[in-house]
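Please look over the sequence and the model shown here before reading on. The report takes the overall fold, then individual helices, the core and the aromatic pairs.

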Amino acid sequence: MNRYEKVPFPALLGTVFLERLIDVFFLFLLTFIVIATQYGLLSGFMAEKILTPLFSKFSGAQNNAVFLAIVLTLVIVLGSLIFFFLKAKFQAIYTKLMGMFKGFAQGLITIRNIRNKGAFIFHSVFIWVMYVFMFYICFYAFPETATLPFGAVLAAFVFCTFGIIAIPGGIGAYPVILMLTLELYGTPKTTGFAFGWLA
């Protein structure tokens, strides 16, 4: 796009970031629907098997908060001193960075300038509907999963998506999360695990 349409790279990066934000919105919308419709069955499972491991991934940073604060303070002080003494040289870098930031912000607000907002909304919804149905088709591969309710499909889809977020590509975590989710709906562990690798 940058090469052929001459769109500035920071603006393109902003639109990519915006697209990811829209994906996060749809993921949380589906999560809300799943929890709201199956709260009794899934609330404990989500807290124990999904959220706790996800948050523990980032807990190391919290344990070193004081150390990080000291390092950050030293970096700011040192950076300020360097900037003060080499202000003229940094002016050009600062101008370039601000230009990139403005371009990025411009990319983020492109949603206001979309010519056909209806088509944009339709395709955003359509993509996520297709994600779910692509996943749903796999349920017909095994007799044990072919008769599961659509609520089980949505729950497995949502929890596995969080698994992909927690571990790059969901390698290893995806089949295990799927197995544990389907177990709540009476699917044997071996079938759930095999289904996870198939999906």
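What follows is a report on this predicted model.

## Basis of the description

The model is predicted, and local features are described at pLDDT of at least 70, side-chain atom pairs count only at pLDDT 80 or more, and totals for chains, interfaces and linings use all residues. Residues are numbered from 1 along each chain as its sequence is written, and side-chain values use heavy atoms, with hydrogens and water left out.

## Overall fold

The protein has 10 helices and 0 strands, where helices (H or I, at least four residues) and strands (E, at least two) are DSSP runs numbered from the N terminus. Read along the sequence, the pattern is accordingly α-α-α-α-α-α-α-α-α-α.

Of the 199 residues, 29% count as buried; buried means under 20% relative accessible area, exposed over 50%, and partly exposed in between, with a 1.4 Å probe and protein chains only. The accessible surface comes to about 13400 Å², and 74% of this belongs to carbon and sulfur atoms, the areas coming from the Shrake-Rupley method with a 1.4 Å probe, for which only the protein chains shown count as cover for residues. Among contacts (heavy atoms within 4.5 Å) with a separation of 6 or more, 65% are accounted for by residues 24 or more positions apart.

## Helix H6

Helix H6, residues 117-138, has 22 residues and reaches 33 Å from its first C-alpha to its last, close to the 32 Å expected at 1.5 Å a residue; the expected span is 1.5 Å times one less than the number of residues. Its buried residues are Ser124, Trp128, Val132, Phe135 and Cys138. Seen down the axis of H6, these fall within an arc of 140°, so they line one face of the helix, the arc being that of the directions from the helix axis to the C-beta atoms.

The buried residues of H6 pack against helix H1 (9-37), helix H8 (150-166), helix H9 (173-183) and helix H10 (189-198). On the face of H6 turned away from its buried side lie the exposed residues Phe122, Met134 and Ile137.

## The nonpolar core

The largest nonpolar core has 33 residues, and those with the most contacts inside it are Phe135, Phe139 and Leu178. Such a core is a set of buried Ala, Val, Leu, Ile, Met, Phe, Trp, Tyr and Cys residues joined through side-chain atoms within 4.5 Å. H1, helix H2 (39-56), H6, H8 and H9 each supply at least two residues of this core, with H8 giving the most, 10 residues.

Leu178 touches Phe135, Ala156, Cys160, Phe195, Gly196 and Ala199, residues up to four places away in sequence not being counted.

## Helix H10 and Phe195

The buried residues of H10 are Thr191, Gly192, Phe195 and Gly196. They cover an arc of only 140° around the axis, which puts them on the same side of H10. They pack against H6, helix H7 (143-146) and H9, whereas the face of H10 turned away from its buried side carries the exposed residues Thr190 and Trp197.

Phe195, which is placed in helix H10, counts as buried at 0% relative accessibility. Leaving aside residues up to four places away in sequence, Phe195 touches Phe135, Cys138, Phe139, Phe142, Thr145, Leu178 and Leu182. Phe195 and Leu182 are 13 residues apart in sequence and 9.5 Å apart in space, C-alpha to C-alpha.

## Aromatic pairs

The structure holds 17 aromatic pairs; rings of Phe, Tyr and Trp (its six-membered ring) pair if their centres lie within 6.5 Å, and planes under 30 degrees apart count as stacked, over 60 as edge-to-face and the rest as tilted. The rings of Phe26 and Trp128 have their centres 6.3 Å apart and their planes at 20°, so the pair is stacked. This pair links distant parts of the chain, with Phe26 in helix H1 and Trp128 in helix H6, 102 residues apart, and both Phe26 and Trp128 are buried.

Phe133 and Tyr136 form an edge-to-face aromatic pair, 6.0 Å centre to centre with 65° between the planes. Being 3 residues apart in helix H6, Phe133 and Tyr136 are separated by about one helical turn. Phe133 is partly exposed, with a relative accessible area of 37%.
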